[in-house]
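Look at the fold as a whole before you look at single residues. Then follow the chain through its sheet, its helices and its loops.

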Amino acid sequence: MENFLKMMLPDSDPNCKTVSTLVFMDLEATGLPSYVGKRNVHITELSLVAIDRSDFESDSSLRVLNKLNLCIRPRTTISPTAMTITGLYNDILEKQEKFDESIPKLLEYFFRRLRRPLCLLAHNGNRYDFPLLQAELRHINYELDGEILCADTLEAFRSIVSNTTVDVDPVLNPNNEKQQNDEVAPNMLENTSKNERIAISEDETDKMLSDDLDLFISLEVPEMENTTENKNVSSEVMPFPDEFTTPTSKNTETIAIKRPRKKFKQDPSWTPKRQYQTTTSTKPNPTQIKRQLFANRTSETNTVYSKPTQFSLEKLYYHYFGESPPKSHYAEADCIALSKVCQKISADFLKWIDAHSTSFNETPAMW
C-alpha cells in the first residue's frame, strides 16, 4: 500500500511539513560571543515579523505583516561597539523588563494567532539567533511549543544558489563557461539531501557576523589585539547573580569611542540598465537583450537566478535591490529586509524550508 501511494504521489513525504506561516526573526545582543564570551551575550531586542505563505507567494508589497518587537534589559553590560551599531545603550534599556516568563508567554500568544505549522527564520540563525534565544529560555526554565519549526536562511541561500544555474548568453560568453565565485564555491554542497545542513565553520560565522553587523569596523580598544591580558578578559564569564541590575551608562561617552560608522558604499555609476551592458565588443541583437531582461524566468528543469556572490544580509539586499537595506541593525527593519530578499527566490525558498526546517526545541543553547 505504501509503495502504491508513493507511486501515485511521488512528491509526498510524511516527514516534510508544508510551512503555513513564515516568521522572520532577528535579535540584537550585547556583543559577539568571540569577543565578550558566550555567557555574556544577552538579548537586547527581539523582533518577529510573520507573513502568511499565500501572501509571501503572491503579494510583492508584503502589506500584511504581523509584528512583535520587544526591547529587553540585559543581565550584563552592552559592549561599546554593539551600542554604537544597534543604538541600544545600557541606560536607555534600564527601564525595560529583563528576559522573564512574560516574554515566552507573549511569543506563545503571538504564535496562536498564526497558521500552523509556523517556522522561525533567521539569517545565520543556527549559529547565533536560535541558540541565543534557546539559552535565554533555558535560563528561566522555559520551553516553547515543540511544533514550532526553525530554519536558517543563510544555509537556504547557500544551498539554493549552489543548485541553480545562471542564464549564460552564448554570444556574451562564447565558451559557455560556468561562472563560479571563489569565495562561495568551497562552502556550497551540490544536491543537498533533506536532512543535511551546510557546514559553516566558527571562523566563517564570526566573519559573516562581523561583515553583517560592522562590529569590527571600529573596535572600542584598538590595542586589544596586541594585549594578552585583554584577550583573556574578553573571554571571561560574568556571574549570574539572582538580582542583577543592568549598569547604567551615564559615562557611556567615555567608554565608547565615537567614530563615524562605515556605511556600505553604493556604486554611484549603477543604473538599472547597466546590468545588461556587456564588456565585450560583440553587440547583442535585440533578441538577446530581451532574453536578459527576463533573467528570472523559470524553466522546466530548474529556476534561473542572478547569483549573489556574498551572503550577508546587507550584501544580499544590495544584490537584489541595488541599495543598502534601510535602518540596518534595527531588529524589525532587518526582519523586513530579510523577508524581501527571501521573496526574490520564493519558489525554491519555500521548498527548501519545507524540507529542511527542524524543531526549534532541538536547537542547542548558546550557553
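The paragraphs below go from the whole chain to the sheet, then to the helices and a few single residues.

This is a predicted model, in which local features need pLDDT of at least 70 and side-chain atom pairs count only at pLDDT 80 or more, while totals for chains, interfaces and linings use all residues. Residues are numbered from 1 along each chain as its sequence is written, and side-chain values use heavy atoms, with hydrogens and water left out.

Start with the whole chain. Its secondary structure comes to 14 helices and six strands. Helices (H or I, at least four residues) and strands (E, at least two) are DSSP runs, numbered from the N terminus. Of the 367 residues, 46% count as buried. Buried means under 20% relative accessible area, exposed means over 50%, and partly exposed lies in between (1.4 Å probe, protein chains only). Now take contacts, meaning heavy atoms within 4.5 Å. Among those between residues at least 6 apart in sequence, 80% join residues at least 24 apart.

Next, the sheet. Strands of a sheet pair through backbone hydrogen bonds, either parallel or antiparallel. Here, two strands pair if DSSP finds at least two bridges between them. The six strands form an open sheet in the order 3-2-1-4-5-6, with mixed pairing. Strand 3 (66–71) and strand 6 (358–359) stand at the edges, each with a single partner strand, so one side of each is left without a neighbour in the sheet.

Strand 5 shows both senses of pairing. Strand 4 and strand 5 pair in the parallel sense over four bridges. On strand 6, strand 5 (residues 149–152) has an antiparallel partner, joined by two bridges. There, C150 is bridged to T358. In a regular strand the side chains alternate between the two faces of the sheet. In strand 5, L149 and A151 point one way, C150 and D152 the other, and all are buried.

Now the helices. Helix 13 (residues 331–343) lies across strand 1 (21–29), strand 2 (43–52), strand 3 and strand 4 (118–122), at about 140° to strand 1. Axes are lines fitted to C-alpha atoms, for helices over the stretch in contact, and angles run from 0 to 180 degrees between N-to-C directions.

How do helix 12 and helix 13 pack, and at what angle? The angle between helix 12 (residues 313–321) and helix 13 is about 50°, and their axes are 10 Å apart. The two helices are therefore oblique to each other. The contact is made by L313, L316, Y317, Y320 and F321 of helix 12 and D334, A337, L338, K340 and V341 of helix 13.

Helix 14 (residues 346–356) is mostly covered, with nine of its 11 residues buried. Among them are F349, L350, W352 and I353.

Finish with some single residues. V161 sits in helix 7 (residues 153–162). At 6% relative accessibility, V161 counts as buried. The C-alpha atoms of V161 and I345 are separated by 9.6 Å, although the two are 184 residues apart along the chain.

The loops hold details too. The peptide bond from R116 to P117 is cis, with omega near -5°. P117 lies in the loop between helix 5 (102–112) and strand 4. L62 is not a glycine, yet its phi is positive, near 50°. L62 is also buried, at 6% relative accessibility. N141 has a positive phi of about 55° and is not a glycine either. Is N141 buried or exposed? At 71% relative accessibility, N141 counts as exposed.

Definitions and conventions:
Angles under 35 degrees count as roughly parallel, over 145 as roughly antiparallel, 65 to 115 as roughly perpendicular and the rest as oblique.
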